[in-house]
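This report describes selected parts of the structure shown below. It should be read with the sequence and the model side by side.

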Amino acid sequence: MSVLVDEDSRVIVQGITGGEGKFHTEQMIEYGTNVVAGAVPGKGGQEVAGVPVYDTVAEAAEAEDADTSVVFVPPAFAGDACFEALGVDELDLVVTITEGIPTQDVSRVYRRLQETDAYLVGPNCPGVITPGEAKLGILPGNIFEAGRVGLVSRSGTLTYQVVDSLTQRGIGQSTAIGIGGDPIIGTSFVEALALFEQDDKTDAVVMCGEIGGEDEEEAAAYIDEYMTTPVAGFIAGRTAPPGKRMGHAGAIVSGSGTGTAQSKIDALESAGAPVGDTPEEVVDNVEDLL
Amino acid sequence: MRLHEYQAKQVFSDAGIPTPASELAGTVDEAVAAAEEIGYPVAIKAQVHVGGRGKAGGIKLVDDADEAEEAAEDILGMDLKGYTVDRVLVEEAVDFVNELYVGVTMDRGEGKPVAMVSTRGGVNIEEVAEEDPDAIAREHIDPAFGMHPYQARKAVYDAGVDREIARDVASVLTTLYQLWDDRDGADAEINPLMVTSDDDVIAADAVFNVDEDALFRQPELQEMEEEGEFAESELDQKADEYGFDYVRLSGNVGIIGNGAGLVMTTLDLVDHYGGEPANFLDVGGGAKADRIANALDMVFSDENVDSVVFNIFGGITRGDEVAKGINQALEQFDEIPKPVVVRLAGTNWEEGMEILNEDLVTVEKTLESAVQRAVDYAEEVEA
């Protein structure tokens, strides 16, 4: 068993005919991902990277027996693309890479998500990878190494930084999930941690959070109560001043002092998850936990 | 993106929310003329994006032309928390008996909008939220259905608003929600919503923050943003022009990186190694050489910067493009203005290292050593 994606996943790419969609479809296939179809309105009948394209997600899912979709659709249309994917029962995972989707659109997608049994990862995320089996999204496959540490992060490049450090110290990864840096996201830290807790291939989890919101505090409460798999934490944005948005739409410390790096660090540490000051310290902590 | 008060009032007023008579003025003469036309007393209010304008002397009440002239002279050109005031709103002073708060925002934890009402308006609502959260009535809205009128009424009753004005306040809240929904609001607030002795309600201040990501479908608000840029600093204007996520901070180590989480981590490491970050600058994903050169230009333009650290972990972004951009930006100088430390990892980093002109920069292999080196350089300059 692995988390969310494995070598048997059958993947649709929405927006496969666009520049990003095409490039990353090729990368995913090269990595070994089973990309079985593309879906782009008006482009049905074409072929991209050797993969047949359909006009609708439903058609693609039915014809190619797909269970997963990756969304590379531009922000103005990405909310609609998510709705389309969530409306297809066969799909149990939708990974949305697109950055910059209007928050009100995401709020409606999130509302729709509650009516389904599917997982939505993202938006504005690097994707999901089970090293050696399959990757969904834009993560650079070459830095990952198959192993037993799970990783969940709000930031793409920070994920790469930590994974690179893990790999260089000979610590492989079971699955890495980039959950995205937007104010509203589908799969939360808590849901990702629950998946790792149930995964017999994961012996420890690295959780990379950042300022803004209260997801990390909720995750800490979950760790405290339910997790038997040890967790090592990292929180970005200690030096961020209140009221300033630090790149990610979600990364803003509110004026009233919630969502600070310190409150997140304190919550994780009191839940028994050590928080490293630097990415290298995170890897030290993982070594201790294993 | 935050609209100026005068712009937000225009948007609210167009939607049917009562606002005081007002006029924008850029000179003392214009301000006095506007005051004469509106009729005294009037308030003269600085139009800059800072909170607490009143306490900082950016809002003055005046009763005649002499006072209006004096106040406009004081406020126009003044420095308000780093912003130079070059426009004021001249506004009818409303005689009120009560001040309320009305707002709509996205509750990110719940993933849905929330409408808020409080009878403790006219003060810093964040403080109220912290000291006495029950003083703010909250009603979550299902984004699939929008706000029903009963929900607006419920919020108003829960807040304990007087019966005489409850209908009007509920109507303002309904309109505010609709506006927030139609115009891709992030936060919409009226604080205070003044209640007059005749039981009329009127929006004495107006805040409207628009979701930047939705500006593509809000052309009118996009225009307002451009028109409102007069109060931005030179660096902010440059960041807008180049399209960077850039935040100015108080230190002297300039930071450029890709990806918000990694850039924040770089800032934190600068602090960890005893330095002080000068800025947050995220070049974003897939940056090409020109964009990298623009980023260096931005950070060099900040006179507080003593050294620069470049931290790129390529996914979509390619190391060779980054190296080209750094060369391009630095080769134009006879002498490099500030020492630059470069750390490249990820996609095409080896190609990047071959291209990078190592006579112009200091190369470090790891994130930690790069940050340490940049902090050392900044300390040397300061010493």
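In β12(B), Val210(B) is the bridge partner of Gly185(B). The model is a predicted one.

## A hairpin and a buried strand

Strand β11 (residues 201-203) of chain B is another antiparallel partner of β10(B), joined to it by three bridges. In β11(B), Ile202(B) stands opposite Met194(B). The strands β10(B) and β11(B) form a hairpin, with four residues between them. Asp199(B) lies in the turn and has a positive phi of about 65 degrees.

Why is strand β10 of chain B described as largely enclosed by the rest of the structure? The strand covers residues 185-196, and nine of its twelve residues are buried, so the rest of the structure largely encloses it.

## Chain B as a whole

Chain B has 383 residues, and 54% of them count as buried. Its secondary structure comes to 13 helices and 18 strands. Along the principal axes, the C-alpha atoms of chain B fill a box of roughly 75 × 50 × 40 Å.

## Where the two chains meet

The contact between the chains takes 50 residues from chain A and 47 residues from chain B. Together the two chains bury about 3,800 Å², and 58% of this is on carbon and sulfur atoms. On the chain B side, the residues that lose the most area to chain A are Arg108(B), Met264(B) and Phe313(B), which together make up 19% of what that side buries.

The rule finds three salt bridges across the interface of chain B and chain A. In one salt bridge, the side chains of Asp142(B) and Arg111(A) meet at 2.7 Å, N to O. Across the interface there are also 14 residue pairs in polar contact. Several elements give two or more residues to the side of chain B that touches chain A, including β8 (112-118), α6 (163-182) and α9 (260-272) of chain B. The largest share of that side, ten residues, comes from α9(B). By class, the side of chain B that touches chain A has 20 nonpolar, 17 charged and ten polar residues.

## Thr157 of chain A

Thr157(A) is placed in helix α5 (residues 156-168) of chain A. Is Thr157(A) buried or exposed? Its relative accessibility is 9%, and the cut-off for buried is under 20%, so Thr157(A) counts as buried.

Which residues is Thr157(A) in contact with, leaving aside its neighbours within four places in sequence? They are Asn258(B), Gly259(B), Leu262(B) and Phe313(B).

Terms used: Residues are numbered from 1 along each chain as its sequence is written. Chains are lettered from A and ligands numbered from 1 in the order in which they are written. This is a predicted model: local features need pLDDT of at least 70, side-chain atom pairs count only at pLDDT 80 or more; totals for chains, interfaces and linings use all residues. Side-chain values use heavy atoms; hydrogens and water are left out. Buried means under 20% relative accessible area, exposed over 50%, partly exposed in between (1.4 Å probe, protein chains only). Two strands pair if DSSP finds at least two bridges between them. Contact means heavy atoms within 4.5 Å. Buried area is the accessible area (1.4 Å probe) that two parts lose on being put together, summed over both. A salt bridge is a side-chain nitrogen of Lys or Arg within 4 Å of a carboxyl oxygen of Asp or Glu. A polar contact is a pair of N or O atoms within 3.5 Å; within protein, one must be able to donate a hydrogen and the other to accept it, and residues adjacent in sequence count only if both atoms are side-chain atoms. Ala, Val, Leu, Ile, Met, Phe, Trp, Tyr, Cys and Pro count as nonpolar, Asp, Glu, Lys and Arg as charged, and the others, Gly among them, as polar.
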